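This report concerns the arrangement of secondary structure in a single model. The sequence and coordinates are shown below.

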Amino acid sequence: MKITNFFILVLCLVGSHNLLAETKLEIMAKSKFTIGDTIEFHSLVLDENRILNIYLPSSYDAAIDKHYPVVYLLDGSASEDFIHLAGLVQFGSFSWINQLPESIVVGIENVDRKRDFTYPSNNLLDQKDFPTSGGSEQFIQFIGTEIQPLIAKNYRANASKTIIGQSLGGLLATEILFKKPNLFDNYIIISPSLWWDDESLLKFTALTSSSPKSIYIGVGKEGEIMERVAKALFEKVKANKPSHDAVFFNYFEQLSHGDTLHLAVYDAFDKIFRSKKE
């Protein structure tokens with residue numbers, strides 16, 4: 001009985017000490033945690049306000065003479081892919097990882113991705129399901145004549161440009177690769193929605209560029225159509241590539257359409273940027 005009472009007393013004393021410690025703790029300072037900038041501007045091409053989220057490398061403020069590659073990310077809002085892919089860029093550029101160079105990430109927030117990421121379709125079901133579709137030509141112009149010059153003017157960007165697009169964003173990235181290949185040096189195309197318009201983009205005669213390109217195509221276990229068109233894109237690009245281009249493909253059997261992006265982009269960084277070091 002005495003032993004039991006002793007342990008109860010000890011527990012009460014310990015609990016009182018912890019409670020006292022908790023009540024004495026106070027936050028000394030609190031500030032917003034930021035990883036870069038959010039900028040808003042009015043697009044003359046699209047005639048609407050647009051927002052970019054911009055990740056800046058940790059060395060950016062101190063290394064005032066350094067210029068950085070830029071990774072352009074479609075679906076680039078904080079609620080979409082910006083934060084977790086900016087984190088991949090940060091991780092990959094750590095000196096002990098050395099997967100890719102320190103880079104600026106430009107996340108392009110969406111207004112209407114079904115409009116911006118698609119070209120006009122002759123398929124009646126596409127038209128019904130995507131009534132605002134067909135604006136990719138203007139959006140590509142928006143990227144090339146407004147976003148890229150805006151970043152070059154206001155940030156220390158070098159000449160290297162990468163685009164990342166997934167799903168409908170992969171469709172758009174493929175369209176840029178085929179029709180405006182000089183807009184980017186590296187293309188990371190994940191789970192592209194090339195079923196659009198009865199797969200017409202796969203029949204398009206792609207333009208070629210005189211400058212070297214690195215092209216990565218990835219897809220998960222996403223059903224017969226998605227897997228087939230991604231592999232068809234790889235075969236088309238590989239068969240028609242200039243000798244100086246590098247083309248990569250990976251199939252992520254353990255992943256689906258919803259979760260392939262993160263691992264595929266990591267793999268793309270590894271293949272594209274490590275291969276350039278070798």
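The model is predicted. Its open sheet has 8 strands in the order β1-β2-β4-β3-β5-β6-β7-β8, and the pairing is mixed. Strands β1 (36-43) and β8 (246-252) stand at the edges; each has a single partner strand, so one side of each is left without a neighbour in the sheet. On average, neighbouring strands are turned by 20 degrees against each other, direction ignored.

Helix α2 lies across β2, β3, β4 and β5, and runs at about 35 degrees to β2.

The table lists the elements involved in this part of the model.

| Element | Residues |
|---|---|
| Helix α2 | residues 82-92 |
| Strand β2 | residues 48-55 |
| Strand β5 | residues 157-166 |

A further packing arrangement involves helix α6 (residues 168-179) and helix α8 (residues 224-240), whose axes come within 13 Å and cross at roughly 15 degrees. Because angles under 35 degrees count as roughly parallel, α6 is roughly parallel to α8. Their crossing is left-handed. At the contact, Thr174, Leu177 and Phe178 of α6 meet Leu233, Lys236 and Val237 of α8. The residues of this contact divide into 4 nonpolar, 1 polar and 1 charged.

Conventions: Residues are numbered from 1 along each chain as its sequence is written. This is a predicted model: local features need pLDDT of at least 70, side-chain atom pairs count only at pLDDT 80 or more; totals for chains, interfaces and linings use all residues. Side-chain values use heavy atoms; hydrogens and water are left out. Axes are lines fitted to C-alpha atoms, for helices over the stretch in contact, and angles run from 0 to 180 degrees between N-to-C directions. Helices (H or I, at least four residues) and strands (E, at least two) are DSSP runs, numbered from the N terminus. Angles under 35 degrees count as roughly parallel, over 145 as roughly antiparallel, 65 to 115 as roughly perpendicular and the rest as oblique. A crossing is left-handed if the near helix is turned anticlockwise from the far one by less than a right angle, and right-handed if clockwise. Contact means heavy atoms within 4.5 Å. Ala, Val, Leu, Ile, Met, Phe, Trp, Tyr, Cys and Pro count as nonpolar, Asp, Glu, Lys and Arg as charged, and the others, Gly among them, as polar. Two strands pair if DSSP finds at least two bridges between them.
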